[in-house]
Amino acid sequence: MRSRTTTWFECKIRYEKTMEDGTAKKVTETYTVDALSFTEAEASIMEEMSAYISGEFEVRDIKKAAYGEVFFSDSESADRWYKTKLQFITIDDKTEKEKRSNVNYLVHAASLPMAVKSIDEVMGGTMIDYVIASVAETQIMDVFEHNKILNKPEADAKPEYEQNENGGEA
(Lines give C-alpha, C1' and ligand atoms only; values in the text may rest on other atoms or scores of the structure.)
Protein backbone atom coordinates (compact mmCIF):
# COMPACT_ATOMS: atom_id res chain seq x y z
CA MET A 1 0.00 0.00 0.00
CA ARG A 2 1.38 3.39 -0.96
CA SER A 3 -0.13 6.84 -0.74
CA ARG A 4 0.21 10.01 -2.78
CA THR A 5 -0.66 13.51 -1.67
CA THR A 6 -1.23 16.11 -4.38
CA THR A 7 -4.01 18.12 -6.00
CA TRP A 8 -6.54 15.73 -7.57
CA PHE A 9 -9.24 16.51 -10.12
CA GLU A 10 -12.26 14.36 -10.96
CA CYS A 11 -13.00 14.35 -14.70
CA LYS A 12 -16.14 13.03 -16.39
CA ILE A 13 -15.66 11.65 -19.89
CA ARG A 14 -18.51 10.90 -22.32
CA TYR A 15 -17.97 8.53 -25.22
CA GLU A 16 -19.53 5.71 -27.19
CA LYS A 17 -18.62 2.39 -25.59
CA THR A 18 -19.00 -1.03 -27.20
CA MET A 19 -20.91 -3.22 -24.78
CA GLU A 20 -20.38 -6.97 -24.25
CA ASP A 21 -23.28 -7.80 -26.61
CA GLY A 22 -21.67 -5.73 -29.38
CA THR A 23 -24.02 -2.75 -29.21
CA ALA A 24 -22.73 0.80 -28.89
CA LYS A 25 -23.91 2.91 -25.97
CA LYS A 26 -23.10 6.46 -24.88
CA VAL A 27 -21.59 6.36 -21.39
CA THR A 28 -20.18 8.90 -18.96
CA GLU A 29 -17.34 7.68 -16.74
CA THR A 30 -15.44 9.40 -13.94
CA TYR A 31 -11.66 9.37 -13.67
CA THR A 32 -9.25 11.12 -11.31
CA VAL A 33 -6.05 12.83 -12.43
CA ASP A 34 -3.30 14.59 -10.57
CA ALA A 35 -2.73 18.11 -11.93
CA LEU A 36 -1.88 21.65 -10.88
CA SER A 37 -4.78 23.35 -12.66
CA PHE A 38 -8.05 22.68 -14.47
CA THR A 39 -6.27 23.21 -17.80
CA GLU A 40 -3.58 20.67 -16.95
CA ALA A 41 -6.25 18.24 -15.70
CA GLU A 42 -8.11 18.48 -19.02
CA ALA A 43 -4.93 17.96 -21.05
CA SER A 44 -3.91 15.04 -18.85
CA ILE A 45 -7.25 13.22 -19.02
CA MET A 46 -7.44 13.72 -22.79
CA GLU A 47 -3.95 12.27 -23.23
CA GLU A 48 -4.63 9.31 -20.91
CA MET A 49 -8.03 8.46 -22.42
CA SER A 50 -6.91 8.71 -26.04
CA ALA A 51 -4.92 5.51 -25.44
CA TYR A 52 -8.04 3.64 -24.29
CA ILE A 53 -10.85 5.09 -26.41
CA SER A 54 -11.03 4.72 -30.17
CA GLY A 55 -13.17 7.43 -31.64
CA GLU A 56 -14.35 10.72 -30.25
CA PHE A 57 -14.91 11.55 -26.61
CA GLU A 58 -15.58 14.72 -24.69
CA VAL A 59 -14.66 16.00 -21.27
CA ARG A 60 -18.05 16.79 -19.68
CA ASP A 61 -16.95 18.01 -16.26
CA ILE A 62 -13.83 18.71 -14.22
CA LYS A 63 -13.94 19.47 -10.52
CA LYS A 64 -11.37 19.65 -7.79
CA ALA A 65 -11.53 16.51 -5.67
CA ALA A 66 -12.57 16.68 -2.02
CA TYR A 67 -9.54 14.54 -1.09
CA GLY A 68 -5.86 15.40 -1.23
CA GLU A 69 -4.42 11.95 -0.67
CA VAL A 70 -4.96 8.65 -2.46
CA PHE A 71 -4.08 5.21 -1.04
CA PHE A 72 -3.04 2.86 -3.87
CA SER A 73 -3.37 -0.89 -3.34
CA ASP A 74 -0.75 -3.39 -4.48
CA SER A 75 -3.39 -6.11 -4.77
CA GLU A 76 -4.29 -7.33 -8.27
CA SER A 77 -7.92 -7.76 -7.18
CA ALA A 78 -8.29 -4.08 -6.20
CA ASP A 79 -10.62 -2.67 -8.83
CA ARG A 80 -12.78 -0.20 -6.92
CA TRP A 81 -12.27 3.24 -5.41
CA TYR A 82 -13.72 4.22 -2.03
CA LYS A 83 -14.13 7.73 -0.67
CA THR A 84 -13.42 7.67 3.04
CA LYS A 85 -13.85 10.26 5.76
CA LEU A 86 -11.60 10.02 8.79
CA GLN A 87 -11.97 12.09 11.92
CA PHE A 88 -8.70 12.94 13.63
CA ILE A 89 -9.11 13.32 17.38
CA THR A 90 -7.12 15.92 19.29
CA ILE A 91 -7.49 17.33 22.79
CA ASP A 92 -7.51 21.11 23.22
CA ASP A 93 -4.89 21.93 25.89
CA LYS A 94 -6.79 24.94 27.25
CA THR A 95 -10.34 23.61 27.38
CA GLU A 96 -9.38 19.91 27.65
CA LYS A 97 -12.18 19.11 25.20
CA GLU A 98 -11.99 16.58 22.40
CA LYS A 99 -11.81 18.11 18.94
CA ARG A 100 -12.44 16.17 15.73
CA SER A 101 -11.28 17.30 12.33
CA ASN A 102 -12.52 15.62 9.14
CA VAL A 103 -10.17 14.55 6.36
CA ASN A 104 -11.19 12.77 3.13
CA TYR A 105 -9.15 10.12 1.33
CA LEU A 106 -9.59 8.00 -1.79
CA VAL A 107 -8.78 4.32 -1.22
CA HIS A 108 -8.12 1.63 -3.87
CA ALA A 109 -9.45 -1.77 -2.76
CA ALA A 110 -11.31 -4.89 -3.87
CA SER A 111 -14.13 -4.53 -1.34
CA LEU A 112 -15.41 -2.33 1.47
CA PRO A 113 -13.80 -4.48 4.22
CA MET A 114 -10.49 -4.35 2.30
CA ALA A 115 -10.76 -0.55 2.10
CA VAL A 116 -11.19 -0.38 5.88
CA LYS A 117 -8.23 -2.75 6.31
CA SER A 118 -6.10 -0.54 4.02
CA ILE A 119 -6.98 2.57 6.02
CA ASP A 120 -6.02 0.82 9.26
CA GLU A 121 -2.79 -0.40 7.64
CA VAL A 122 -1.75 3.11 6.56
CA MET A 123 -3.01 4.98 9.63
CA GLY A 124 -1.84 2.30 12.08
CA GLY A 125 1.74 3.42 11.50
CA THR A 126 0.96 6.94 12.71
CA MET A 127 0.55 8.36 16.22
CA ILE A 128 -2.75 10.05 15.29
CA ASP A 129 -5.97 8.97 16.99
CA TYR A 130 -8.69 8.58 14.36
CA VAL A 131 -12.16 7.26 13.72
CA ILE A 132 -13.42 6.05 10.35
CA ALA A 133 -16.55 8.17 9.94
CA SER A 134 -17.59 6.80 6.54
CA VAL A 135 -16.51 4.61 3.63
CA ALA A 136 -18.46 4.70 0.37
CA GLU A 137 -17.80 3.17 -3.04
CA THR A 138 -17.42 5.77 -5.80
CA GLN A 139 -18.10 5.68 -9.54
CA ILE A 140 -14.42 6.44 -10.27
CA MET A 141 -13.08 4.08 -12.93
CA ASP A 142 -9.35 4.79 -12.52
CA VAL A 143 -6.78 7.24 -11.13
CA PHE A 144 -4.00 8.62 -13.30
CA GLU A 145 -0.85 10.00 -11.72
CA HIS A 146 1.25 12.63 -13.42
CA ASN A 147 4.41 10.72 -14.35
CA LYS A 148 6.00 12.82 -17.07
CA ILE A 149 8.59 14.34 -14.75
CA LEU A 150 9.35 10.98 -13.15
CA ASN A 151 9.80 9.17 -16.48
CA LYS A 152 12.33 11.58 -17.98
CA PRO A 153 15.39 11.97 -15.76
CA GLU A 154 17.50 15.09 -16.31
CA ALA A 155 20.59 12.99 -17.08
CA ASP A 156 18.89 11.35 -20.05
CA ALA A 157 17.70 14.62 -21.57
CA LYS A 158 19.69 15.51 -24.66
CA PRO A 159 20.14 19.14 -25.65
CA GLU A 160 18.42 20.28 -28.81
CA TYR A 161 20.53 22.25 -31.28
CA GLU A 162 19.28 24.72 -33.80
CA GLN A 163 20.25 24.06 -37.36
CA ASN A 164 21.43 26.79 -39.70
CA GLU A 165 20.27 27.11 -43.31
CA ASN A 166 22.94 24.61 -44.49
CA GLY A 167 21.75 21.88 -42.11
CA GLY A 168 24.67 22.28 -39.67
CA GLU A 169 24.51 23.19 -36.04
CA ALA A 170 24.26 26.87 -35.23
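Predicted model: local features only at pLDDT ≥ 70, side-chain atom pairs only at ≥ 80, totals over all residues.
Two strands count as paired when DSSP finds at least two bridges between them.

**Strand 1 and its partner**

I started with R4 and looked up its bridge partner in strand 5, which turned out to be V70. Strand 1 and strand 5 (residues 69–72) are joined by four bridges and run antiparallel. Four bridges meet the cut-off of at least two, so I noted these strands as a pair.

I got an open sheet of five strands, ordered 1-5-7-6-8, with mixed pairing. At its edges I found strand 1 (2–5) and strand 8 (129–137), each of which pairs on one side only. From one strand to the next, the twist averages 25°.

Then I asked myself which strands helix 2 touches. Helix 2 (residues 112–124) packs on the sheet and touches strand 5, strand 6 (80–91), strand 7 (98–109) and strand 8. I also wrote down the angle between the directions of helix 2 and strand 8, about 150°.

I turned to the buried nonpolar residues. In soluble globular proteins, nonpolar side chains tend to be buried together. Here the largest nonpolar core has 15 residues, and I13, V33, I45 and M49 are those with the most contacts inside it. The elements giving two or more residues to this core are strand 2 (8–18), strand 3 (24–34), helix 1 (38–50) and strand 4 (57–64). Strand 2 gives the most, with four residues.

**Whole-chain notes**

The protein has three helices and nine strands, and along the sequence they follow the pattern β-β-β-α-β-β-β-β-α-β-β-α. Of its 170 residues, 29% count as buried. I took the contacts between residues at least 6 apart in sequence, and 65% of those join residues at least 24 apart. For the accessible surface I have about 11700 Å², with 46% of that belonging to carbon and sulfur atoms.

How values were computed. Residues numbered from 1 in each chain as written. Heavy atoms only, no water. Core = buried A, V, L, I, M, F, W, Y, C linked by side-chain atoms within 4.5 Å. Buried < 20%, exposed > 50% of the residue type's maximum accessible area, 1.4 Å probe, protein only. Axes fitted to C-alpha atoms, helices over the stretch in contact; angles between N-to-C directions. Contact = heavy atoms within 4.5 Å. Areas by Shrake-Rupley, 256 points an atom, 1.4 Å probe, with all protein chains shown as cover.
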